[in-house]
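Me: I'd like to go through this one label by label and ask where each comes from. Could you show it first?

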Amino acid sequence: MVAKAAEAPRCAALVGPYLSGKTTLLESLLFATGATNRKGTAKEGNMVGDSSAEARARQMGVELNCASSEYLGERWTFLDCPGSVELAQEAQNALVAADVAVVVCEPEISRALTLAPLLKFLDDRKIPHMLFVNKMDNSSYRVREVLEALQAVSSRPLVLRQVPIREGDAVSGYVDLVSERAYRYKPGQPSDLIKMPDDAAEREKEARTGMLEALADFDDTLLEQLLEDTIPTPQEVYAQLTKDLAGDLIVPVFLGAAERDHGVRRLLKALRHEVPGPAATAKRLGIAPAAGDTVATIIKTYHQPHTGKLSLARVWAGTLQDGMSLGGHRVGSVNRMTGHELAKLGSAGLGDVVALGRMEQTATGQLLTASGKPAGTVDMPEKLPAVFSLAITAINRSDEVKLSAALTKLVEEDPSLSIEHNQETHELVLWGQGEIHLQITIDRLRLKYSLPVKSHRPTVGYKETIRHGVRQHARHKRQSGGHGQFGDVHVDIKPQPRGLGFEFQNEVVGGSIPRNFIPSVEEGVREYLVRGPLGFPVVDVAVALFDGQYHAVDSSDMAFKTAGRMAMSEGMPKCGPVLLEPIFHVQISIPNEFTARAHGLISGRRGQILGFDAKAGWPGWDEVSAHIPQSELHDLIIELRSLTLGVGTFAWRFDHLQELIGRLADKVVEQRQAALAAG
Ligand SMILES: Nc1nc2c(ncn2[C@@H]2O[C@H](COP(=O)(O)OP(=O)(O)OP(=O)(O)O)[C@@H](O)[C@H]2O)c(=O)[nH]1
Ligand SMILES: [Mg+2]
């Protein structure tokens with residue numbers, strides 16, 4: 001074979017479902033390429049990835065781990081992404097900058113569906129990707145069955161590249177379907193070439209034919225060769241595989257066990273020979289650098305206690321250097337990142353993934369150039385809509401200002417997190433992708449920023465209104481020393497149709513109250529409405545001021561405001577106050593095998609199903625729309641995920657307020673009264 005010219009540094013994102021073995025695979029890749037000389041394990045908590053306290057405590061990936069290594073003279077950056085559905089934004093952002101995605105999954109038929117959203121994301125964006133079926137050391141299924149289950153969730157043909165060699169129950173090696181060579185795994189070392197075992201030969205032939213037929217669908221020459229029974233050369237097959245991967249026409253499938261280093265060197269070889277380089281990726285993304293310009297995208301922002309802000313960037317053109325200006329801001333430093341460790345590089349070029357120090361003004365998703373001229377736009381994944389929330393309060397009151405600053409940093413690191421200062425409930429609410437997502441955030445506040453917080457379920461936005469009206473008279477009169485206070489009002493309080501809000505009308509005739517005092521009456525009325533007889537903000541009420549009296553000396557704005565408020569607090573309890581609960585429009589999205597369960601979930605939460613339909617662009621998925629009370633939404637995502645292998649999700653918006661009566665309403669009012677009494 002002709003020696004191949006070294007490629008520019010390439011980047012592979014390791015993605016896939018929760019706990020499929022991505023971080024273990026990274027550990028094995030770093031070991032196999034000589035970047036480390038000792039392998040850590042998930043159990044011991046000493047892998048290069050997952051080094052933060054939050055990750056160790058949970059034995060799961062909580063953020064993007066970046067590490068780089070050299071394999072046969074070529075530089076690779078691996079972006080090990082967390083697999084939890086609650087941290088999907090992290091993986092999506094990383095995938096945009098990668099030349100290839102290695103989708104790590106388990107040989108477990110019942111969980112194949114968990115790959116569906118990820119594979120769809122990759123295919124929608126035509127990101128070249130391969131599957132690495134991990135944990136083959138511990139599988140009770142045949143590869144063919146696993147492949148069938150996986151094919152059901154992939155819109156692109158899966159092309160098996162290896163068949164396993166089994167000795168007893170254990171997988172001891174593999175046959176490569178292009179070279180038709182058999183290998184026996186050797187822990188920590190390259191596999192041994194062995195003679196093709198007899199019992200593998202037949203499976204090999206059949207699988208190889210399947211592979212060639214899949215490729216022939218995209219190449220007429222290969223199709224002719226197959227029809228004429230001509231055997232294509234390995235070079236021809238590799239060339240076709242490379243072309244089809246780059247175009248996201250096929251998904252090659254490799255087998256292995258990262259924990260035992262099985263299949264990891266084979267995977268590395270495929271990466272080396274078949275993955276497109278950064279120039280091709282830039283072109284796919286629509287990045288068009290001006291001649292001589294330096295162009296980079298920010299794929300992740302970190303705030304580290306010792307190093308400050310770090311912007312992880314992929315270079316698409318030119319050279320990045322310490323101290324230069326990028327996007328109008330000074331690059332503090334150019335570093336290589338390995339887990340949480342940084343090494344000063346000074347400069348980086350096409351394809352490199354580097355951590356840029358102290359670029360305070362830059363944000364994840366930005367495409368920056370040295371010249372400041374645009375180089376196209378990178379279509380970053382949309383911010384994932386929030387589906388879970390918690391209200392938080394600093395345990396130490398004096399921490400409140402610091403808390404705001406820390407949360408700003410956490411949101412910069414994690415775009416799927418957001419903060420709301422709720423004006424009505426006066427709560428500070430964290431919004432995110434699930435309970436684990438927010439607990440990780442709360443851990444970070446405590447561990448990274450020394451800010452312990454308490455969290456609780458956010459208050460539901462109950463309101464109240466009235467059923468019927470009343471005419472109410474109120475007089476505020478006080479005689480104390482010099483100036484007295486005098487205000488006298490007659491108001492007509494009436495319910496309004498739902499959604500019309502509050503209305504104030506001045507119907508005073510003949511000057512029984514001078515004009516200039518009228519706004520004060522309205523002010524007093526509005527002040528009252530913040531908390532009605534049941535304890536909640538009052539809506540959909542009309543108040544008409546139709547009569548009153550005043551005193552030439554003692555009347556004042558203050559006195560009329562007080563009279564207005566008094567009229568309301570005396571009148572409103574007589575108007576049949578009733579609780580209103582917020583009802584949300586919710587659109588649940590699930591694979592259609594779970595549609596019946598979604599219906600059950602909705603009725604179990606006092607919801608009303610409005611209809612369901614096939615989800616546009618998602619073959620095999622449904623969308624169920626419903627009205628569900630806000631008080632039932634808090635943990636909806638938790639139950640929905642547990643019913644749907646984690647893939648179900650929903651979108652929501654406020655729809656309307658609806659009367660709530662009976663035991664549920666009594667309980668809500670009781671709790672509110674108790675909370676108000678407790679201050
Ligand atoms: N039997 C077996 N177990 C493995 C293998 N690779 C990983 N594991 C185990 O799978 C578990 C998860 O491994 P990780 O590497 O942390 O998985 P991950 O995909 O990075 O997890 P997240 O980042 O949290 O999604 C650990 O208990 C590993 O020991 C393998 O090849 N065989
Ligand atoms: Mg991981």
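Reply: Here are your questions, with each label set against its cut-off.

Me: What should I keep in mind about the model and the numbering?
Reply: It's a predicted model, so local features need pLDDT of at least 70 and side-chain atom pairs count only at pLDDT 80 or more, while totals for chains, interfaces and linings use all residues. Residues are numbered from 1 along each chain as its sequence is written, with chains lettered from A and ligands numbered from 1 in the order in which they are written.

Me: What does Val 453 touch, leaving out residues up to four places away in sequence?
Reply: A contact needs C-beta atoms, placed from the backbone, within 7 Å. On that test Val 453 touches Ile 392, Thr 393, Ala 394, Ile 395, Ile 442 and Leu 445. Across the chain, 73% of contacts between residues at least 6 apart in sequence join residues at least 24 apart.

Me: And why are Leu 72 and Lys 126 labelled as they are?
Reply: Leu 72 has 10 C-beta neighbours inside 10 Å, so it counts as exposed. Lys 126 has 13, which means partly exposed. Leu 72 sits in the loop between β2 and β3, and Lys 126 in the loop between α4 and β5.

Me: What makes their phi values worth a mention?
Reply: Most residues other than glycine have a negative phi. Leu 72, not a glycine, has a positive phi of about 50 degrees, and Lys 126 is also positive, near 50 degrees.

Me: How do you know that α1 is largely enclosed?
Reply: Ten of the eleven residues of α1 (residues 22-32) are buried, so the rest of the structure largely encloses this helix. Its buried residues, including Thr 23, Leu 26 and Leu 30, pack against β1, β2, β3, β4, β5 and α9.

Me: Why do you say that the buried residues of α5 line one face?
Reply: In α5 (residues 143-151), Val 143, Val 146, Leu 147 and Leu 150 are buried. Seen down the helix axis they fall within an arc of 100 degrees (taken from the directions from the axis to the C-beta atoms), so they line one face. They pack against β5, β6, β7 and β11.

Me: What makes β4 and β5 a pair?
Reply: Two strands pair if DSSP finds at least two bridges between them. β4 and β5 have five, in the parallel sense, with Ala 101 opposite His 129 in β5. The chain crosses from β4 through α4 to β5, and this crossover is right-handed: with the strands pointing away from the viewer, the path over the helix runs clockwise. β5 also pairs with β11, parallel over three bridges.

Me: How do you know that both faces of β5 are covered?
Reply: His 129, Leu 131 and Val 133 on one side are buried, as are Met 130 and Phe 132 on the other.

Me: What makes a residue part of the shell around ligand 1?
Reply: Its C-beta atom, placed from the backbone, must lie within 6 Å of the ligand. That gives 23 residues, the closest being Gly 21, Thr 23, Thr 24, Gly 61 and Gly 83. By class there are seven nonpolar, ten polar and six charged; nonpolar means Ala, Val, Leu, Ile, Met, Phe, Trp, Tyr, Cys and Pro, charged means Asp, Glu, Lys and Arg, and the others, Gly among them, are polar.

How values were computed. Contact = placed C-beta atoms within 7 Å. Buried ≥ 20, exposed ≤ 12 C-beta atoms within 10 Å, placed from the backbone. Helix = DSSP H or I, 4+ residues; strand = E, 2+ residues; numbered from the N terminus.
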